[in-house]
Amino acid sequence: MTVPAYDWIAHHAGYQPDARAIIDLHSSRRFSYSQMNERVDRCALFLTNECEVGRGDRVAMLAHNSSDHYEVEFACRRIGAIFLPLNWRLAVPELEFIVGDADPRALIVGAEFMDAGQAIARTCSTPHLIGCDDGADSDYEQGLARSNGQCPIADVTHDDTWALVYTSGTTGRPKGARVTHGQAFYNAVNSAMKCELTRHSVNLAFLPIFHIGGLQLFANGIFHIGGANIVMRTFDPLHFLNLLSDPDLAISHGFGVPTNFLFASQLPEFKTADLSRLVTIGVGGAACPRALLETYAERGIMLQNGWGMTETCTLGTLLSKERALDKIGSAGQAAMHTSIRIVGPDGQDVATGDTGELWIKGPTITPGYWNRPDANRDSFTDGWFHTGDAACMDDEGFVSIVDRYKDMFISGGENVYPAEVENVLYQLDGIAETAVIGVPDDRWGEVGRAFVVKKTGSNLTEDAITTHCQDNLARFKVPKSVRFMDELPHNATGKVTKHELPRD
Ligand code: ADP
């Protein structure tokens, strides 16, 4: 049975026209649902009439976070087109690969990326290049101003693709994960149920919108339920704490990767920030050190650990606030409407507590990658998506993510999962940030190397780090070398990019 997809913004424009829909912090623009709906209409008409965007066509966007992104996303929904947010941290040839693969009819480009946009549109023969500038005079604003009227709402279903989100490409060429209307709907329902979203909720959207987390957590969940989104252009930890403390904004929700919360917790202002209005702060996208969860718990904030990936349209598992402390370190139970298994190399479920690959199935999972029948064949078995993550499950169904299989290394025949070693390193007070990788070794095949950023004023030594690891880890897991760094490399989302750490 095909389920029709609803137009959420059109609904709230009728039901609660004056309710706050979105605040764009960078440009100080504020839109109610009726104002946002009008801009979505104008954008949809502009794309249809002037850029010949039709059902199933792609509309790409290369810009820093802004309210324009969500407007374009919902304009695509209104037309039945496909939204393609692009990662502005990528180099032009990488973007050309993605744009060449997705072949959009229009490319909307922030003023700050216009040179890159022009080069990409030329190489990929993109028919329409549209400049935008956070509400200032631009092709985009002029196009919207010319496009007055109501755009008919296209008849799309839950099976139709709404967005293409490209994976980061750490293991080869990026792949475009299709995000359907059904995936977004079920993720919105899951977010509301598990993270207490209501139409009175106010979400601070600070992950990049080209990442599935920025698009869906909790931004789309908020638009579905009729709450308000506050958009940060880029993440800054001090600004983040100040925003959370602001009584006029009354932020109740937010979702970030561990480094967002790590950097905020290291500021002196963390101790005094007013966090009393927060209802749910979710963390995921990478392993979250236990020490960080404890630091927030001491301030009364139970960071809810959730596991997910681009292909699962975010929430795959989530830990409830009630179990946040007694199951600390776990990524929680399967979200509703999804099923999970922990599978061994033979394709059979492993015994309770044993480590295997996490497989997941359900309506929040991508139906497949764009133009990649080979990857689609390899990634699914009877509808179960192979995540590539090593995980184990306890007898209550709580999942612990051990690490990505591709980050695991083998030392003297034993598997080492860097996330476990990093957890132990984070127990040391002087460590601001750390990452462990495997490097080649003549004797053991591979051995661990810890990269450590020290907190200002810390006099932590390599010996002290090694001794702490020896006291807390099996010998084969203890990093054989430590390299001190001023900072670790991060991607635009804030995750450490381990492939950029030196292996020689
Ligand atoms: P990227 O490859 O760019 O990081 P994703 O955002 O799709 O793209 O990353 C998903 C991966 O992030 C998962 O496969 C998993 O390895 C990791 N991850 C996500 N959430 C968690 C979590 N709560 N704990 C540990 N790892 C996580």
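# Close-up views of a predicted model

View 1. Helix α14 (residues 462-472) lies across β24 and β25, and its direction makes an angle of about 135° with that of β25. Axes are lines fitted to C-alpha atoms, for helices over the stretch in contact, and angles run from 0 to 180 degrees between N-to-C directions. Contact means heavy atoms within 4.5 Å. Helices (H or I, at least four residues) and strands (E, at least two) are DSSP runs, numbered from the N terminus. This is a predicted model, in which local features need pLDDT of at least 70 and side-chain atom pairs count only at pLDDT 80 or more, while totals for chains, interfaces and linings use all residues. Residues are numbered from 1 along each chain as its sequence is written, and side-chain values use heavy atoms, with hydrogens and water left out.

**View 2. Three strands make up the open sheet.** The order is β23-β24-β25, with mixed pairing. Two strands pair if DSSP finds at least two bridges between them. At the edges are β23 (431-441) and β25 (481-484), each of which pairs on one side only. From one strand to the next, the twist averages 25°. Four bridges join β24 (residues 445-454) to β25 in the parallel sense. Opposite Arg-449 stands Ser-481 of β25.

**View 3. The largest nonpolar core has 46 residues.** A nonpolar core is a set of buried Ala, Val, Leu, Ile, Met, Phe, Trp, Tyr and Cys residues joined through side-chain atoms within 4.5 Å. Buried means under 20% relative accessible area, exposed over 50%, and partly exposed in between (1.4 Å probe, protein chains only). Met-36, Leu-47, Tyr-70, Val-72 and Phe-223 have the most contacts inside this core. Its largest share, nine residues, comes from helix α2 (residues 33-51). Apart from neighbours within four places in sequence, Val-72 is in contact with Cys-43, Val-59, Met-61, Phe-83, Ile-108 and Tyr-140. A second, separate core of 45 residues includes Leu-244, Leu-262, Tyr-426 and Leu-428.

View 4. An N or O atom in the side chain of Lys-495 is 2.6 Å from an oxygen atom of the ligand. A nitrogen atom of the ligand lies 2.9 Å from a backbone N or O atom of Gly-285. Ala-286 has a polar backbone atom 3.5 Å from a nitrogen atom of the ligand. A polar contact is a pair of N or O atoms within 3.5 Å; within protein, one must be able to donate a hydrogen and the other to accept it, and residues adjacent in sequence count only if both atoms are side-chain atoms.

**View 5. Ser-201 lies in the loop between α7 (181-195) and β9 (202-205).** Ser-201 counts as buried because its relative accessibility is 4%. A polar atom of its side chain lies 2.7 Å from the backbone nitrogen of Thr-198. Beyond four places in sequence, the contacts of Ser-201 include Ile-222, Gly-227 and His-253.

**View 6. Arg-341 is in strand β16 (residues 339-343).** Arg-341 counts as buried because its relative accessibility is 19%. The side chains of Arg-341 and Asp-349 make a polar contact at 2.8 Å. Not counting residues up to four places away in sequence, Arg-341 touches several others, among them Glu-357, Trp-359 and Trp-384.
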